[in-house]
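Here are a few friendly notes to read alongside the model.

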Amino acid sequence: MSNIPSKLDFTVCFANVNGSGSASANTLFAKCIFRMGCAVGIKNIFPSNIQGLPTWFEVRVSPEGHLGRSGIYDIMVGMNINTLARDIESLTSGGYFLFDSSLFLDTQAKRSDIKYLGIPIKNLAAEVFPGVRQRILLQNLIYVGALFSLLNMPPEVLETELKKQFNNEKIYKNNLEAFYLGYNYGEKEFPAHSGFKVSTSDKFEGKILIDGNTALALGCIAAGATVAAWYPITPSTSMIDAFSKYAEKYRTTPEGGKKYAIVQAEDEISAIGIVLGAAWNGARSFTATSGPGLSLMTEFLGYAFYAEIPIVLFDIQRCSPSTGLPTRTQQSDILFAAYASHGDTKHILLFPKNPAECFDFAIQAFEAADRYQTPVIVMSDIDIGMNLTLSSPLKLPKDFHLDRGKVLDAKALEGIKNYGRYEDVDGDGIPYRTIPGTHPKLGAYTSRGSGHDKMARYTEDSFGYKENLDRVFKKIAGATSTLPKPETRLSKKANKEFGVIYLGSTAYSMDEVITVLDARGHYLNYCRICSFPFHQEIKEFILDHKQVFVVEQNALAQIAGMLTFELQINPSLLRSLLYYDGKPTTAQNIVNDILAQLT
Amino acid sequence: MKNARDKLSHPSLTQNKVGLVPKDYHGEMSTLCGGCGHDSISAAIASACYELSLEPHTIAKLSGIGCSSKTAAYFLKSAHALNSVHGRMPSVATGANLAARNMKYLGVSGDGDTCSIGLGQFIHGVRRGINMVYLCANNGIYGLTKGQFSATSSLGVTSKNGQTNPYVPIDPIILALEAGASFVARSFSGDKNQLVPLIKAAISHHGFAFIDIISPCVTFNNHASSDKSYGYVQDNQVYTASIQDYVESVPEIMAEQTPGRLTSVLLSNGEEIFLKAVSEDFDVYDKEKALQLMRSFSGKKEILTGLIYLEKHSHDMHQTLGTTLENLRDIDLSKLTLSELELKEINESFS
Ligand SMILES: Cc1ncc(C[n+]2csc(CCOP(=O)(O)OP(=O)(O)O)c2C)c(N)n1
Ligand code: SF4
Ligand SMILES: [Mg+2]
């Protein structure tokens, strides 16, 4: 038995019932792995439901640091009687199926290529813990204990982690007791060597375990945002919750006054209206939403674009169309967000790939909004936003200095002869704005969505209208000069035949795809898009290759479509690889699909 | 009547306390139809601000879409304005106010803007208690889209082209009262003597001040069968109370109202208006009575105007939210951001 090599990269999948408190126990398990010095990527595949529906919590353990979904389940903790059959089915050959033997007998098991590990969780819990709710919660700790035993993990790691989590001595003790019920059972009954091993190293020292929504919220704090308005929608809610938590901590005066305001609006139209009003009146402000909310916000987005008001919007994309799968991930709002609103409207988009970049891009979003006086939409998704993941620590940008852009104060106004709100003074298309109340006599104007000229006067004059609109487009096009550039990875061995383009959360799996393809001798070049409007470098990248794969997590090939008409790319140069079943796509899927086309 | 200034009754060049003359409160040239009630509202706002000696740039003007909302540009030209989208002024006002609590906010809207497309925003704006003056220029139709019925058109009323309105109207006064507005009034754009003091009182009020102003549309709703025409309102206007005067002294009185007698009402900025109630029953501080009174007028020929309700201890959104007294927008970004040390602490909490 001992000469079986250990598998170091594996996935534990917890099949639970929603509302049973399992997510915190599962997270605890993942944190312990991280604490031991191994990378973990969590994918919580949860239902749009408060209690009762099935939920799967995947923990990828990867000494290589691969954070994408593996799609292969090596160990399944089958705690949901309703999905047992399918959970057993989804286990990989040679995997372990850990289950509650007080509910289910392994004689019912059909597969012979997997190992069944029964543990009488319910009975064990019932013997020790009297309260029903308490028992349900503590059952989760029992399977965590069993897993520790199976994977040969040191129980002290859990003790430390538990202590951090629970100040209450009694709760801590109960949790620990439950854990040991499982652990000791496993030590006695489970095989000595499971074949899986948590490999430890100092490679991940200094890294953190965080979700993208929290990182975005912290970015908003760092950027000096003071007004947040929103309407509850999964998966953006946790971002506002985090903003509220950290603002309370870091933005409260000694007297208890809040240096921020959070308004839960009556709907998303109102939420973005509030943000727009605050931005117009000089505060950095933002809203967070998801697809359905973005749909409602479009009229104001067009207004902000045309009246040139710097608002920031975070779109935590979910699986659509319509209500779709509200708790599953997708990159399917990109095309809509880029041109959201009627008429010739175009917005700046940022595409963070992980929590560290969420923090950075949130700051950059406010900077770009102020610099270009236009809406900036940060396109995250459920995968980045709601999953705890190994991440580099949050870092303030180099030479960190926040800049409100071209805002005139009273003194500056006095030095100007005839102020025109929409005049292109510097030739970059970016006009100078004034904040209400700046000067008793100078600089006031009416902001409007109806036709206006460079002096901000209402106009129906074709020339004045067009002249102003052309300037706005010039301004937006010029934004590429400061927006995050594409990240290209050119292989020295590549023959420039094939390139791959992707963005956002797809990077989790793409990092692994690159390793796998390189290892197999398929050297391709890679380009990750970080912002929209697209940089010219992306066009050059495409034209440099005979064929470019565009990997995206939507059905309509939105990025590929935008590349063709934004950069005048011949569509035949692009080949779309599309994933849109609501789960983060796996490296394996992408590798297979690329390999199928390489010949 | 092309310009708000034509309607002003202050031909003099008398300077007010901040050294400004009436002209300093004018706006751009109006593009509304000659005789449109909305122009009189602009003129009344200009007069009120002049008389209060407000510096125009301390006020932000906000509006939605409609002929009425266009007027934001037609008064106080040295104040910033935001002419937003249809029915959404209350949200923009909320945000603007959150950014700078120390400015004054004046919203102008129409009956379509307020009671049709913007009904939700209106109610929720009231609920939040935005410290602002919200004026609804109510002409009972959509002016800008050429005369369709609006949500305030009375049941059974006929339009200029002979159609009959089959729907029960919404009374924004009742909604405002129910939703918690702390200053509620109705007036008539043709009654400057009533309107100017009411606007002054509303501006001086701390909290959400709502005035529904019947404002005839001369082009689409001034015909004989309209109940929002000049002639109809002039003939049928009745008063909750007459506002005798508006004085800026600050007497420390909060007199209980005696029907029929002159009573002073102390506003939250310490200023005072005098009311003379017409009815024995009327008590400006009693919301229940106000509601009853308004309901008793629904479907009646008469239009009850004047100050309808005033909350004694009103408060606003910032008090609810607990925001600091400094304008949020004026806090320097370098004081708002995270320090390296704070970020280190945050990173450590995730490691
Ligand atoms: C979303 C949207 N729908 C429709 C319109 C067209 N529209 C412009 S003004 C208006 C009605 C305005 O009525 P009201 O608020 O009563 O203002 P009035 O013109 O009567 O003063 C409508 C429907 C619009 N501008 N925006
Ligand atoms: S259409 Fe009616 S509401 Fe509009 S400007 Fe003319 S008179 Fe006024
Ligand atoms: Mg109207």
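**Notes on salt bridges, a ligand shell, pockets and cavities**

1. A salt bridge here is a side-chain nitrogen of Lys or Arg within 4 Å of a carboxyl oxygen of Asp or Glu. Side chains of opposite charge can pair when their charged atoms come close.

2. A word on the ground rules. This is a predicted model, with local features needing pLDDT of at least 70 and side-chain atom pairs counting only at pLDDT 80 or more, while totals for chains, interfaces and linings use all residues. Residues are numbered from 1 along each chain as its sequence is written, chains are lettered from A and ligands numbered from 1 in the order in which they are written, and side-chain values use heavy atoms, with hydrogens and water left out.

3. Helices (H or I, at least four residues) and strands (E, at least two) are DSSP runs, numbered from the N terminus. Is A:Asp370 buried or exposed? A:Asp370 counts as buried, because its relative accessibility is 2%; buried means under 20% relative accessible area, exposed over 50%, and partly exposed in between (1.4 Å probe, protein chains only).

4. Over all chains, the count comes to 36 salt bridges. One of them joins the side chains of A:Lys346 and A:Glu566 at 2.8 Å, N to O. Here too the pair links distant parts of the chain, 220 residues apart, with A:Lys346 in the loop between helix H12 (334-338) and strand S12 (348-350) of chain A and A:Glu566 in helix H19 (residues 558-566) of chain A. A:Glu566 counts as buried, at 18% relative accessibility.

5. For a local pair, have a look at A:Asp470 and A:Lys466, whose closest N and O atoms are 2.9 Å apart in a salt bridge. Both lie in helix H16 (residues 462-478) of chain A, four residues apart, about one turn of the helix. A:Asp470 is partly exposed, with a relative accessible area of 38%.

6. Which residues are around ligand 2? They are B:Leu32, B:Cys33, B:Cys36, B:His38, B:Cys67, B:Asn139, B:Cys217, B:Val218, B:Thr219 and B:Phe220, where near means that a heavy atom of the residue lies within 4 Å. By class, this shell has seven nonpolar, three polar and no charged residues. Ala, Val, Leu, Ile, Met, Phe, Trp, Tyr, Cys and Pro count as nonpolar, Asp, Glu, Lys and Arg as charged, and the others, Gly among them, as polar.

7. Now the open space. The largest pocket holds about 790 Å³, and 29 residues line it, with A:Thr27, A:Lys31, A:Asp211, A:Leu388 and B:Phe350 closest to its centre. On a 1 Å grid over the protein atoms alone, a pocket is an open set with protein on both sides within 12 Å along at least five of seven lines, a cavity is a set of points where a 1.4 Å probe fits but cannot get out, and lining residues have an atom within 4 Å of a point. Grid points are joined across faces, edges and corners, and a volume is the space filled by probe spheres set on the points.

8. H1(A) gives the most to the lining of the largest pocket, seven residues. The lining divides into 12 nonpolar, 10 polar and seven charged residues. Domain 1 (10-189) and domain 2 (209-391) of chain A both contribute, so the largest pocket lies between them; the domain bounds come from an automatic or database domain assignment.

9. The second largest pocket has a volume of about 680 Å³. Its lining has 31 residues, and A:Lys441, A:Gly443, A:Ala444, B:Lys77 and B:Ser78 lie nearest its centre.

10. Finally, the whole structure has five cavities of 30 Å³ or more. The largest cavity has a volume of about 70 Å³, and its lining has four nonpolar, eight polar and three charged residues. The second largest cavity has about 60 Å³, and S2(A) supplies the largest share of its lining, three residues.
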